[in-house]
Amino acid sequence: MCEEHSKYNIDSKSINRIMDFEIIKEVIEVAVNYGLKEIIPSTMGEPLLYKNFIDLINLIKRDDLKLNLTTNGTFPRLGVKKWANIILPVATDVKISINGASKEVNESVMDGINFENQINNIKEFIRIRDNVRRKGTNFPTITLQTTFMEKNLNEMVDLLRTAIKLNVDRFKGHHLWVTHPELKDQSLKSNESTIKKWNGIVKKIIQIAENERLKDGNKIIIDNIYPMSSSDKELLIPNNFLCPFLGREAWIAWDGTFNVCCAPDTLRKTFGYYGNIKEEKFMNLWNSDKYRQLFENWGTYQVCKICNMRRPLNKTRVCNND
C-alpha cells in the first residue's frame, strides 16, 4: 500500500529520500519552546532503519519529550530486545503494523515479512513493556495497526482476537488509500456490498472488544473502527467526522517541506504549497495566514471529504495520541 515503496510504484525515482538530521534538530529545538510534546517518526518506510534514530531518541530524552512510533515489527539492525529497551522508556504508544491473522494473508500484503518472526517479536516487545511498567519509569501502550482492505477483511475478527491474546492495549486501523491503480478493487468503499460486509465486521469487533478481556481484565481499546454509510453516491465521510491533525500535528517531509497532513502525496498537493523549513523558520510556517486559512476551511476540500483518517467529534482530542 505504500506510495513510495510499493511494488506497484514502477515510476519510483532513485532519489535519496532520507531526512538530513539537521532538519529534525532545527524543528525540535524551535518547537519545544512552543508546546511540542511528542515526536512521530512516520511514513515512507521503516523508521528503525534511519541511521540517526538513536540521535533522535537522545533529543527526545534531552527535551523531556515522548516518542509515538509506527513500526513493522521486524526491529531491524538492533533486534527486538535492544530496540524495546531503547524505545519503551520514552514512548507513549508503539503501533506495530500487521495485516492478517494468518501467515498467508499477512505475508501477501506485507512483502518480505515473516509472520512467525513478527508475532514472536511482538510477544517479546510486550514482555519488555510490562517490565518497564512495573519499574514505574514509563507507561507505554502497544497497538496492533492494520489497513482495512478486501484482501484481509475476513481476518479482522481473528486479528482482533490475536491482539487480545497477545495482550496489546489497542487495536487500530484505517481504510486503504488507493495509491496505485492496482489497489482500486481492494477498497472497501467501492460498492454497497463491501460496505455492508465491513459494517457487519465492525459490529462483531465491537462485541468482541466488549466481551473478551485482556489479562488484567481490562477491555482492549478499539480505535478508528466505525460503520460506513452508503447513502451518499460518492460514499463521503459523515460531516461530523473531523480532522484530528490540522493545528495539532506538523508533518515535515524528508526534504524539509511543510506537509499539512498525512494524505498520499498526490492528494495532499492539491492543498497547495506551504513552504520549506530550509527557506523559512518552522514557526513562521506553522503560524502563516495560508496554513490558518486551511485550518479554518479544511472541510471544503475534496481531499478532506474522502479522508480515511477523520474521526467522530467525540473521538477527536486536542492532545492526539495517533
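This is a predicted model: local features need pLDDT of at least 70, side-chain atom pairs count only at pLDDT 80 or more; totals for chains, interfaces and linings use all residues.

Is T143 buried or exposed? With a relative accessibility of 0%, T143 is counted as buried, because buried here means under 20% relative accessible area. Display the side chains of T143 and R170 next, and you will find them joined by a polar contact of 2.9 Å. If you then set aside the neighbours within four places in sequence, the residues in contact with T143 are D93, V94, K95 and I96, together with R170, F171 and K172.

Move on to helix α6 (residues 156-166) and helix α7 (residues 192-211), whose axes come within 9 Å and cross at roughly 20°. That angle makes α6 roughly parallel to α7, and the crossing in which α6 passes α7 is right-handed. To show the contact, select M156, V157, L160, R161 and I164 on α6, and I201, K204, I205, I208 and A209 on α7; by class, this contact of α6 with α7 holds 8 nonpolar and 2 charged residues, and no polar ones.

Finish with helix α1 (residues 21-31) and helix α2 (residues 53-62), where the axes come within 11 Å and cross at roughly 10°. The two helices, α1 and α2, are therefore roughly parallel to each other. On α1 the contact is made by F21, I24, K25, I28 and E29, and on α2 by D55, L56, L59 and R62; sorted by class, the contact of α1 with α2 has 5 nonpolar and 4 charged residues, again with no polar residue.

Technical notes
Residues are numbered from 1 along each chain as its sequence is written. Side-chain values use heavy atoms; hydrogens and water are left out. Axes are lines fitted to C-alpha atoms, for helices over the stretch in contact, and angles run from 0 to 180 degrees between N-to-C directions. Helices (H or I, at least four residues) and strands (E, at least two) are DSSP runs, numbered from the N terminus. Angles under 35 degrees count as roughly parallel, over 145 as roughly antiparallel, 65 to 115 as roughly perpendicular and the rest as oblique. Contact means heavy atoms within 4.5 Å. Ala, Val, Leu, Ile, Met, Phe, Trp, Tyr, Cys and Pro count as nonpolar, Asp, Glu, Lys and Arg as charged, and the others, Gly among them, as polar. Buried means under 20% relative accessible area, exposed over 50%, partly exposed in between (1.4 Å probe, protein chains only). A polar contact is a pair of N or O atoms within 3.5 Å; within protein, one must be able to donate a hydrogen and the other to accept it, and residues adjacent in sequence count only if both atoms are side-chain atoms. A crossing is left-handed if the near helix is turned anticlockwise from the far one by less than a right angle, and right-handed if clockwise.
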